[in-house]
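Dear colleague,

Please find below the structure that I am handing over to you. My notes on what was found in it follow.

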Amino acid sequence: MSQHQKVLVDFGSTFTKVVIFDLSRESLVVRSQAISTVGVDATVGLKRAIQNALTPGINVGSSNNYLASSSAAGGLRMICSGFVPEMSSEAARRVALGAGAKVVETFSHKLTRSEIKRIQQLGPDIILLCGGTDGGNSEVLIHNAKTIAADARLLGRVLVAGNKETHDEIEKIFMLAKKSVLFCENVLPEIGNLNPDPCNTQIRELFIRHIVKAKGIKEDVLMPTPLAVLNAAKLLAEGVPGARGLGDLVVIDVGGSTTDVVSIGKQRPAHSHTVLRGLPEPYAKRTVEGDLGVRFGLEKIVELAERDKDSGDNELIRYSRAVWQTAQLPSSDMEKRLDSQLARVAVEEAFERHVGKVEIQYTHIGEMAYQYGKDLTEVEHVIGTGGPIVFSPDPRKILEGVVYNRDSPHLLKPKHPRFWVDQHYVLYAIGLLAEEFPEKAFRIMEKTLKEI
Amino acid sequence: MNKKWKVITGTVGMDAHVIGTKILSRVLKENGFKVIELGCLTPVDDFIKTAQETAADAILMSSLYGMAEFDLEDFKKKLMEAGLSNVILYIGGNLASSREEFANFEQLKKKFEVLGFHRVYPPSVDLVQVIKELEGDLEARDRSCLNR
């Protein structure tokens with residue numbers, strides 16, 4: 001019966017994907033996709049994807065049975081602007097990433113004319129303006145707000161998440177410029193305190209209400225695709241009443257254009273004599289490496305493969321160069337094996353950038369250990385998703401790139417994790433379903449994840 | 001004083017001494033200051049970045065392990081670079097790195113004034129006096145800003 005089935009849609013950049021779950025059996029019914037038609041009329045691609053999914057017994061019912069995410073038309077593109085690079089600018093960037101956005105560029109200090117021009121060229125969906133702790137510096141944020149309001153060519157939605165003392169004046173500035181502006185709580189209300197949630201909520205509202213429609217999708221989209229994956233990760237870590245979660249975990253999502261890493265867990269010092277340094281990291285931390293996709297822009301991966309070259313790897317370098325030219329999917333067994341190796345290179349590098357690091361400084365009072373970022377050494381579960389992992393003949397080999405290595409002891413990578421693969425490639429759908437049925441979503445996820 | 005002044009406290013460099021800066025912070029709070037406590041083991045750059053982001057009025061640095069001069073070599077330059085030439089700077093604690101220096105406080109004081117500090121305090125100090133001086137310095141600074 002249709003009320004027992006839920007359709008989860010993802011409007012991707014290349015494909016429109018459909019996943020159908022049976023809610024009473026709490027299982028996956030089918031997964032299908034069709035070429036995206038978002039540029040023309042998103043509904044066409046969606047209907048085709050559903051057609052591809054339909055077999056007797058599947059009744060998708062009316063359109064209010066869908067929940068959708070989207071990464072189409074470039075996804076949620078954001079520009080972040082703050083004051084001090086390591087403080088409010090970095091806070092802005094982290095919050096935007098945690099909202100599932102693609103942070104196209106981050107600026108610091110007062111914006112110059114050429115930076116404004118760059119913002120205009122980049123054409124972001126949202127401009128996130130931060131700067132100053134509450135009661136702190138106002139000058140930079142007000143200057144930036146004035147400059148942005150004054151430029152008629154800047155069409156992105158403006159969201160102010162900085163020093164609250166600037167709100168009244170910025171409101172006036174935008175009123176005079178006849179432009180709209182939104183406000184939310186400061187992402188950095190005081191030094192050492194990252195406050196992502198109110199801003200994330202506001203970003204999501206903007207995405208749902210305005211941005212998705214502007215990209216040509218009439219369907220109700222709940223969130224950007226990366227946020228759906230992030231939510232699935234959180235759900236898996238936390239569990240639901242009656243079912244314990246896995247605890248702190250890592251999700252690796254290898255894609256054609258980017259490799260994303262999500263770590264769920266509080267930031268804690270690795271040892272009792274370790275001092276935490278730097279801006280606090282969010283409990284649900286997401287990083288996106290735009291130069292580590294395994295199909296587009298392989299320059300960095302080729303560079304890394306060449307650097308780690310040993311006797312057998314010339315073959316890998318040749319293959320990676322070929323893929324760089326053609327972006328073709330692997331067909332032969334050998335190509336699949338090499339493609340997995342490329343994915344492994346991407347995973348190692350992406351994870352190295354994401355994970356916390358310890359820096360030992362030798363002082364006259366002894367060794368001091370400074371920790372930047374999260375200690376993931378005790379993480380017990382690593383989940384892989386994304387085509388290159390899901391369709392690989394040996395996904396475990398790819399994911400092992402995240403394991404602690406005694407040659408780089410300063411990288412706080414997991415020491416003894418278990419590995420899982422999102423074998424049906426439905427993690428986004430779990431994240432979407434969790435919006436309405438978190439317990440069912442959790443139980444379906446338990447069934448669809450395969451330990452490897 | 002009608003506005004709440006913002007001051008940053010902390011122990012600079014690799015110094016884990018924390019009691020002095022905690023006592024100082026508490027007394028400042030009791031006297032109506034808004035205190036941003038960075039605690040011990042605070043790198044010089046953190047004082048600067050925090051002062052920028054919070055638009056702090058003063059930085060009251062503590063140092064007890066005798067390495068302050070080493071830690072603060074280019075402090076003044078960094079402050080100017082960060083546009084913080086208007087911030088009142090105090091330092092106190094045990095600033096001497098040798099017995100000779102310890103014995104000659106006046107010379108030590110000059111050294112730290114050259115590094116950029118407005119007032120330099122010896123190990124034993126009356127915090128009530130410090131607060132009076134701080135309020136005086138802040139009021140004088142505010143007046144001169146208005147007169148510009």
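**The end of a helix in chain B**

Just after α2(B), A55(B) adopts a positive phi of about 50°. Please keep in mind throughout that this is a predicted model.

Of the eleven residues of α2(B), nine are buried, so that the helix is mostly covered. The buried ones are D46(B), F47(B), I48(B), K49(B), T50(B), A51(B), Q52(B), E53(B) and T54(B). What lies over them includes β1 (6-11), β2 (34-37), β3 (58-63) and α4 (75-81) of chain B, together with α2 (85-98) of chain A.

**Where the two chains meet**

Chain A brings 14 residues to the contact and chain B brings ten. On the side of chain B that touches chain A, helix α2 (residues 44-54) of chain B gives the most, with five residues. By type, this side of chain B comprises five nonpolar, three polar and two charged residues.

**Chain B as a whole**

Chain B contains seven helices and five strands. Read from the N terminus, its elements follow the order β-α-β-α-β-α-α-β-α-α-β-α. Its C-alpha trace spans about 45 × 30 × 25 Å along the principal axes. Of the 148 residues of chain B, 39% count as buried. Among contacts in chain B with a separation of 6 or more, 77% join residues 24 or more positions apart.

In soluble globular proteins, nonpolar side chains tend to be buried together. The largest nonpolar core here has 128 residues, and L128(A), L249(A) and I430(A) touch the most other members. Helix α7 (residues 225-238) of chain A supplies the largest share of this core, nine residues. Another core, of 36 residues, lies apart from it and includes I191(A), I36(B), F47(B) and A96(B).

Leaving aside neighbours within four places in sequence, L128(A) is in contact with M78(A), I79(A), C80(A), S81(A), A92(A), A96(A), L159(A) and A161(A).

**Two crossing helices in chain A**

The axes of α7(A) and helix α14 (residues 438-448) of chain A come within 10 Å and cross at roughly 85°. Because of this angle, α7(A) is roughly perpendicular to α14(A). On α7(A), the residues A232(A), L235(A) and L236(A) meet P438(A), A441(A), F442(A) and M445(A) of α14(A). The residues of this contact divide into seven nonpolar, no polar and no charged.

**A lysine in a loop**

K413(A) is found in the loop between α12 (395-399) and β20 (418-422) of chain A. K413(A) and G401(A) are twelve residues apart in sequence, and their C-alpha atoms are 9.6 Å apart in space.

Yours sincerely

Definitions and conventions:
Residues are numbered from 1 along each chain as its sequence is written. Chains are lettered from A and ligands numbered from 1 in the order in which they are written. This is a predicted model: local features need pLDDT of at least 70, side-chain atom pairs count only at pLDDT 80 or more; totals for chains, interfaces and linings use all residues. A nonpolar core is a set of buried Ala, Val, Leu, Ile, Met, Phe, Trp, Tyr and Cys residues joined through C-beta atoms within 7 Å. A residue is buried if 20 or more other C-beta atoms lie within 10 Å of its own, exposed if 12 or fewer, and partly exposed in between; C-beta atoms are placed from the backbone. Helices (H or I, at least four residues) and strands (E, at least two) are DSSP runs, numbered from the N terminus. Two residues are in contact if their C-beta atoms, placed from the backbone, lie within 7 Å. Ala, Val, Leu, Ile, Met, Phe, Trp, Tyr, Cys and Pro count as nonpolar, Asp, Glu, Lys and Arg as charged, and the others, Gly among them, as polar. Axes are lines fitted to C-alpha atoms, for helices over the stretch in contact, and angles run from 0 to 180 degrees between N-to-C directions. Angles under 35 degrees count as roughly parallel, over 145 as roughly antiparallel, 65 to 115 as roughly perpendicular and the rest as oblique.
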